[in-house]
Amino acid sequence: MIKVLVVEDSPVAREFLVYILDCDPEIKVIGTVTNGKQAVEVVKEKTPDVITMDIHMPEMDGFEATRRIMETTPTPIVIVTASLDPREVGTSFRAIEAGALAIVARPRGLGHPEFESDAYELIKTVKLMSEVKVVRRWKRERMAPLTAPVREIDVNGDNREVQVVAIGASTGGPVALQTILSALPKDFSAPVMIVQHMAPGFTQGFVEWLNQSSRLPVHLATHQEAMLCGHVYVAPDSFHMGVNVRGRIALSQDAPEYGLRPAVSFLFRSLAELYGGKTLGVLLTGMGKDGAAELQVLKQRGAVTFAQDQESSVVHGMPGEAIKLEAATYVLSPEKIAAALQSLMKKPSGREKLER
């Protein structure tokens, strides 16, 4: 039985969430509180398996509550928000920085045609996050600054032509991606393509959040778009992302892979077919196996590949599977992956569109 603490200041929303969660026989709501200050105390007493956390609450908001819980009583936290406005969603990712694992939309009302799918997404996320073994987040003064310089690693003098960088991530991915992108220089000489598993409705806000710290412009990918060096393209909701024969972005609603769309596997396979060894492939923290076998294909085609190390991963599922397959040329933390990407890049004369 998964024990859940619901943190929500609205009585109507709180009762609604309890109703949805208690409908699942594997979940038991063991308590509800109305603000972050209460949550910090009750977590110590009731030791829930998962916390659903509102953001805007009196006395202490969800950002501060998440930070304090992760410093004192680490527990998987799922942010539940009623707003899908990209600016509001982008703000919600501050809670991910503080240690929350996922963001989902609060399900729409019982009479809404999307109620069942919304409720399923919430229940699925709570169940998945209950399996994550979170670790303590040290207080800010004990943490190294995000902008601290990272020593370049030895890449054996491998200075190759790189056409594209492809990154796949799931649980824990937003912070890992933020770490990598914030370390790349604005004259980075290849486009970066990203597939991040995420609940529907949050990708545009995720893009806006990444733009706050990245020196490279981050975009939501569009079909047939010509990619620019030094730009980042994130797969949109419900579409696989790859490239066509001309090197333009190709979005597809082909069948889900590993139960996912977009899937990392689709992106890696598409780039392996077109660019082969001129790709740099990166598989970051996340549950499951998505992208592991396809990272191996990239490596077999001559690409340099990276898997995130276990120590820095929130969940070592996807990169762990890649390591088992010997699909990773390097196994590194996000900070060292960023340094290695810079070391491997050649510097072209201009920021040309990437077309064949």
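**Close-up 1: the buried residues of helix 9.** In helix 9 (residues 292-300), Ala292, Glu294, Leu295 and Leu298 are all buried. Looking down the axis of helix 9, you find these buried residues within an arc of 160°, so they line one face of the helix; the arc is taken from the directions that run from the helix axis to the C-beta atoms. What do the buried residues of helix 9 pack against? Their partners are helix 8 (264-274), strand 13 (279-283), strand 14 (304-308) and helix 10 (317-324). Just after helix 9 comes Gly302, with a positive phi of about 100°.

A few notes for reading these views. This is a predicted model, where local features need pLDDT of at least 70, side-chain atom pairs count only at pLDDT 80 or more, and totals for chains, interfaces and linings use all residues. Residues are numbered from 1 along each chain as its sequence is written, and side-chain values use heavy atoms, with hydrogens and water left out. Helices (H or I, at least four residues) and strands (E, at least two) are DSSP runs, numbered from the N terminus. "Buried" stands for under 20% relative accessible area, "exposed" for over 50%, and "partly exposed" for in between (1.4 Å probe, protein chains only). "Contact" means heavy atoms within 4.5 Å.

Close-up 2: Strand 11 (residues 240-243) and strand 12 run antiparallel, joined by 4 bridges; two strands pair if DSSP finds at least two bridges between them. Gly242 sits opposite Ala250 in strand 12. The two strands make a hairpin with 5 residues between them, and Gly247 in the turn has a positive phi of about 85°. Strand 12 (residues 249-252) is covered on both faces: Ile249 and Leu251 are buried on one side, Ala250 and Ser252 on the other.

Close-up 3: A polar atom of its side chain lies 2.9 Å from the backbone oxygen of Ala255, and a polar atom of the His240 side chain lies 3.2 Å from the backbone nitrogen of Ala263. Leaving aside neighbours within four places in sequence, His240 is in contact with a list of residues including Leu251, Asp254, Pro256, Arg261 and Phe266.

**Close-up 4: Ala13 in helix 1.** Ala13 has its place in helix 1 (residues 11-22) and, at 5% relative accessibility, counts as buried. Setting aside neighbours within four places in sequence, Ala13 is in contact with Glu8 and Arg106. Gly109 is 96 residues from Ala13 in sequence, yet 9.9 Å from it in space, C-alpha to C-alpha.

**Close-up 5: Gly99 in its loop.** Look for Gly99 in the loop between helix 4 (86-98) and strand 5 (102-105). With a relative accessible area of 4%, Gly99 is buried. Gly99 and Pro74 are 25 residues apart in sequence and 8.8 Å apart in space, C-alpha to C-alpha.

Technical notes:
A polar contact is a pair of N or O atoms within 3.5 Å; within protein, one must be able to donate a hydrogen and the other to accept it, and residues adjacent in sequence count only if both atoms are side-chain atoms.
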